[in-house]
Amino acid sequence: MLKALDYDQVSNIQFAHAGDESLWPKQDYDATVIRGSNYLTESVDIGNVIPLLKKLKGPIVPVGVGAQAAKYKKLEMPKGSVEAWKIIADKCETIGVRGVYSAEVFNDIGIKNIRIIGCPSFYRGLRPSIEIKPLDPANARVGLTLNRYLSADYASNATKTNRMQRALIQAVARREKNRLYSQGEREETLAIYETGEEKQKHIQGILSKYDLMGDKDVEALMSDRMQAFFDVDEWAADAKKNVDVLVGFRLHGNVIGLHQGIPAVFFTYDSRIRELSTLFAIPSVEVEDYMPIDLEKIFENADFTKVQHVYRLNYAEYHQFLTENGLNHVLPKPVASPPEKPITKPNLVQMDPKLDDVTGWFQGEVDYMTSEIEVLRQRAWRLELALREHTKADGAAKKLAS
């Protein structure tokens with residue numbers, strides 16, 4: 001976002017610290033920009049920011065605010081958050097939201113001065129248009145990012161999501177030129193920069209996390225072809241040089257390539273990924289469909305023809321949003337007009353897997369689920385026995401005391 005803005009001075013204050021008046025800005029600023037994230041949620045109340053919002057002079061402009069939910073649904077927003085967003089809405093021309101769903105959440109609480117702009121990271125190249133590079137499905141070098149935090153709060157079906165990610169890791173590992181990017185994951189990053197026994201300990205921990213112990217292809221991927229960068233420009237340069245397509249369960253793991261024209265395929269598992277991939281017409285594989293992963297077929301059937309066109313429209317929308325809110329910026333003039341309305345239908349990758357592949361995939365998954373159920377049953381039984389022993393010992397102690 002800062003790459004797009006033109007400013008003389010910038011200071012930072014976190015929402016978490018906004019309740020402490022001693023941390024407030026000591027001078028008046030021309031504008032306050034909210035770096036939008038998952039602020040529209042049922043579990044986070046930003047009411048603590050209200051005193052600061054009332055104190056700030058000049059416009060308060062949120063950029064890329066989004067709703068966070070496992071699936072599209074009506075959110076019961078905390079009262080403090082509703083009040084805070086109404087104050088913000090009164091202090092800006094428009095609120096920039098990341099997708100149609102986020103716009104609907106704002107509409108539900110009576111806020112209508114919104115503009116759907118996506119995420120600022122999509123425009124990081126500061127170009128009004130992009131050209132998606134051609135893709136050779138059979139020989140493309142694949143870049144992969146992982147997501148450790150695919151719990152029920154962040155996935156419409158956590159089990160399907162984690163199993164699909166596991167299958168994707170295996171598929172990527174089979175190609176020797178493919179690489180894995182650690183996007184701030186502690187254990188993966190340590191596995192890259194440690195050596196000897198410590199390195200192997202971290203690698204084995206990762207393999208255990210994804211239930212991939214003994215998979216030599218995956219172990220080789222993590223030992224020899226895993227990268228981590230502490231500078232975003234270096235990461236972008238590495239992706240541009242070493243991968244032809246990006247896949248994975250991390251939003252910015254794909255975006256790091258898209259603004260450079262590198263094709264990417266999203267795996268959609270929550271509201272955030274679904275609404276952004278839909279808005280930019282990016283090919284996506286829906287986790288809820290729960291199909292076997294064949295990278296070559298995915299790449300063959302991924303339709304990138306709309307991405308370039310839709311990017312130009314969304315860029316124009318972003319340009320207009322910054323301009324109408326009085327924010328000085330360095331974005332070149334658009335080469336298209338803003339869209340009449342945003343895209344609402346996802347660009348799903350259409351695949352027709354063979355019956356044998358589907359049968360084999362589901363048989364393996366059924367076997368896994370069956371074994372997991374048995375593990376849980378045994379654990380429940382051990383807990384039941386321990387509880388009985390505890391209750392028995394507690395009763396004996398009471399009798400002795402009496």
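Close-up 1. Leucine 126 is partly exposed, with a relative accessible area of 23%, where partly exposed covers the range between buried, under 20% relative accessible area, and exposed, over 50% (1.4 Å probe, protein chains only). The model is predicted, so that local features need pLDDT of at least 70 and side-chain atom pairs count only at pLDDT 80 or more, whereas totals for chains, interfaces and linings use all residues. Residues are numbered from 1 along each chain as its sequence is written, and side-chain values use heavy atoms, with hydrogens and water left out. Leucine 126 is placed in the loop between β4 and β5, helices (H or I, at least four residues) and strands (E, at least two) being DSSP runs numbered from the N terminus, and it has a positive phi of about 55° although it is not a glycine. Tyrosine 290 lies in the loop between β10 and α11 (295-301) and is buried, with a relative accessible area of 8%; its phi is likewise positive, near 55°. Most residues other than glycine have a negative phi.

Close-up 2. The structure holds 17 aromatic pairs, defined for rings of Phe, Tyr and Trp (its six-membered ring) whose centres lie within 6.5 Å, with planes under 30 degrees apart counted as stacked, over 60 as edge-to-face and the rest as tilted. The rings of tyrosine 123 and tyrosine 311 have their centres 5.8 Å apart and their planes at 45°, so this pair is tilted. Because tyrosine 123 lies in the loop between β4 (114-116) and β5 (142-145) and tyrosine 311 in helix α12 (residues 305-324), the pair ties together parts that are 188 residues apart in sequence. Both tyrosine 123 and tyrosine 311 are buried. Phenylalanine 249 and tyrosine 269 form a stacked pair, 5.6 Å centre to centre with 25° between the planes. This pair links phenylalanine 249, in the loop between β8 (245-248) and α9 (251-258), with tyrosine 269, in the loop between β9 (264-268) and α10, 20 residues apart, and both residues are buried. One aromatic cluster is formed by Phe122, Tyr123, Phe280, Tyr311, Tyr315 and Tyr318.

**Close-up 3. Packing of helix α4 against helix α7.** Helix α4 (residues 158-173) and helix α7 (residues 216-224) pack at an angle of about 80°, with their axes 8 Å apart; axes are lines fitted to C-alpha atoms, for helices over the stretch in contact, and angles run from 0 to 180 degrees between N-to-C directions. That makes α4 roughly perpendicular to α7, a term for angles of 65 to 115 degrees. The contact (heavy atoms within 4.5 Å) is made by Ile169, Gln170 and Ala173 of α4 and by Asp217, Val218, Leu221 and Met222 of α7.

Close-up 4. Proline 283 lies in the loop between α10 (271-279) and β10 (284-286) and, at 1% relative accessibility, counts as buried. Not counting residues up to four places away in sequence, proline 283 touches Ala264, Val265, Phe266, Ala302, Asp303, Phe304, Val307, Asn347 and Val349. The C-alpha atoms of proline 283 and proline 346, 63 residues apart along the chain, are separated by 7.8 Å. Threonine 278, found in helix α10, counts as buried at 8% relative accessibility, and, with the same exclusion of residues up to four places away in sequence, touches Ile343, Thr344, Lys345 and Pro346.

Key:
Angles under 35 degrees count as roughly parallel, over 145 as roughly antiparallel, 65 to 115 as roughly perpendicular and the rest as oblique.
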